[in-house]
Amino acid sequence: MKTMRGWAAIALTASFVGVWGCDNGAPPVSTSTEEAPVHGTVKLHGKPLASGEVQFDGNNVSRKGVGLRSLKIVDGKYEGKSLVGGNLVSFRSEAFAKDRGAAGVSKEVDVKTGDNTFDFELP
């Protein structure tokens with residue numbers, strides 16, 4: 001009976017060490033609130049989108065309510081800042097009311113520290 005308890009204790013200790021050793025120290029999602037510059041162009045059917053908004057949404061499980069950045073599109077260009085890390089980008093424009101194919105388009109981007117250029121071609 002003592003031998004079984006001894007082996008059970010060793011197995012339990014090994015499993016804790018195994019799980020503990022697997023942690024690389026990085027959280028599974030970004031918790032940073034660091035911002036970085038983002039800019040680029042937005043085209044609809046190959047032509048610059050005259051006006052609208054591009055929205056960078058960096059919200060995730062760990063940073064809810066801090067991630068949405070709405071940037072104005074003027075003559076097909078936008079610029080501003082967004083959170084570093086994964087962002088879901090969506091677009092708003094009156095042109096979408098006329099063109100149902102572009103409505104609901106979203107893209108995923110990874111904003112890095114430093115300058116970021118993202119050019120978007122919408123269907």
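1. **The core.** A nonpolar core is a set of buried Ala, Val, Leu, Ile, Met, Phe, Trp, Tyr and Cys residues joined through side-chain atoms within 4.5 Å. In this predicted model, the largest such core has 20 residues. Val-42, Val-54, Phe-56, Tyr-78, Phe-91, Phe-118 and Phe-120 touch the most other members. Strand β1 supplies the largest share, with 4 residues. As background, nonpolar side chains in soluble globular proteins tend to be buried together.

2. **Overall layout.** The protein has 2 helices and 9 strands. Along the sequence they run α-β-β-β-β-β-β-α-β-β-β. Of the 123 residues, 29% are buried. Take the contacts with a separation of 6 or more: residues 24 or more positions apart account for 65% of them.

3. **Confidence.** The mean pLDDT of the protein is 77. A value of 70 or more is reached by 63% of the residues. Which elements mark the two ends of the range in mean pLDDT? Helix α1 (residues 2–21) has the lowest mean, 49. Strand β8 (residues 116–117) has the highest, 98. Over residues 12–29, pLDDT stays under 50. For that stretch the model has 2 contacts beyond four places in sequence. Where pLDDT is low, the predicted coordinates should not be read in detail.

4. **Val-42.** This valine is among the core residues that touch the most other members. Which residues does Val-42 contact, leaving aside neighbours within four places in sequence? They are Lys-47, Pro-48, Leu-49, Ile-73, Gly-76, Tyr-78, Phe-91, Phe-120 and Leu-122. Tyr-78, Phe-91 and Phe-120 are also on the list of core residues that touch the most other members.

5. **Lys-43.** Next along the chain is a lysine. Lys-43 is found in strand β1. Its relative accessibility is 33%, so Lys-43 counts as partly exposed. Beyond four places in sequence, Lys-43 is in contact with Pro-48, Leu-49, Phe-120, Glu-121 and Leu-122. Lys-43 and Asp-75 are 32 residues apart in sequence. Their C-alpha atoms are 9.6 Å apart in space.

6. **Aromatic pairs.** The structure holds 5 aromatic pairs. One of them joins Phe-56 and Phe-118. The centres of these two rings are 6.2 Å apart, and the angle between the planes is 45°. The pair is tilted. It links distant parts of the chain: Phe-56 lies in strand β3, while Phe-118 lies in the loop between β8 and β9, 62 residues apart. Are Phe-56 and Phe-118 buried or exposed? Both are buried.

7. Phe-118 and Phe-120 are buried. Ring pairs link Phe-56, Tyr-78, Phe-91, Phe-118 and Phe-120 into a cluster. These five residues are again among the core members that touch the most others.

8. **Salt bridges.** How many salt bridges does the structure hold? There are 2. In one, Arg-69 pairs with Glu-35, and the closest N and O atoms are 2.7 Å apart. Arg-69 lies in strand β4 and Glu-35 in strand β1, so this pair ties together parts 34 residues apart in sequence. Glu-35 counts as partly exposed because its relative accessibility is 37%. Asp-110 and Lys-112 form a salt bridge too, at 2.8 Å from N to O. Asp-110 is partly exposed, with a relative accessible area of 40%. Lys-112 is partly exposed as well, at 48%.

9. **Ser-93.** This serine is found in the loop between β6 and α2 (95–98). Why does Ser-93 count as buried? Its relative accessible area is 17%, and buried means under 20%. A polar atom of the Ser-93 side chain lies 2.9 Å from the backbone oxygen of Ser-51. The Ser-93 side chain also reaches the backbone nitrogen of Ala-95, at 3.1 Å. Leaving aside neighbours within four places in sequence, Ser-93 is in contact with Leu-49, Ser-51 and Gly-52.

Key: Residues numbered from 1 in each chain as written. Predicted model: local features only at pLDDT ≥ 70, side-chain atom pairs only at ≥ 80, totals over all residues. Heavy atoms only, no water. Buried < 20%, exposed > 50% of the residue type's maximum accessible area, 1.4 Å probe, protein only. Contact = heavy atoms within 4.5 Å. pLDDT = per-residue confidence, 0-100. Polar contact = N/O pair within 3.5 Å; in protein donor to acceptor, adjacent residues only side chain to side chain. Salt bridge = Lys/Arg side-chain N within 4 Å of Asp/Glu carboxyl O. Phe/Tyr/Trp six-rings, centres within 6.5 Å; stacked < 30°, edge-to-face > 60°.
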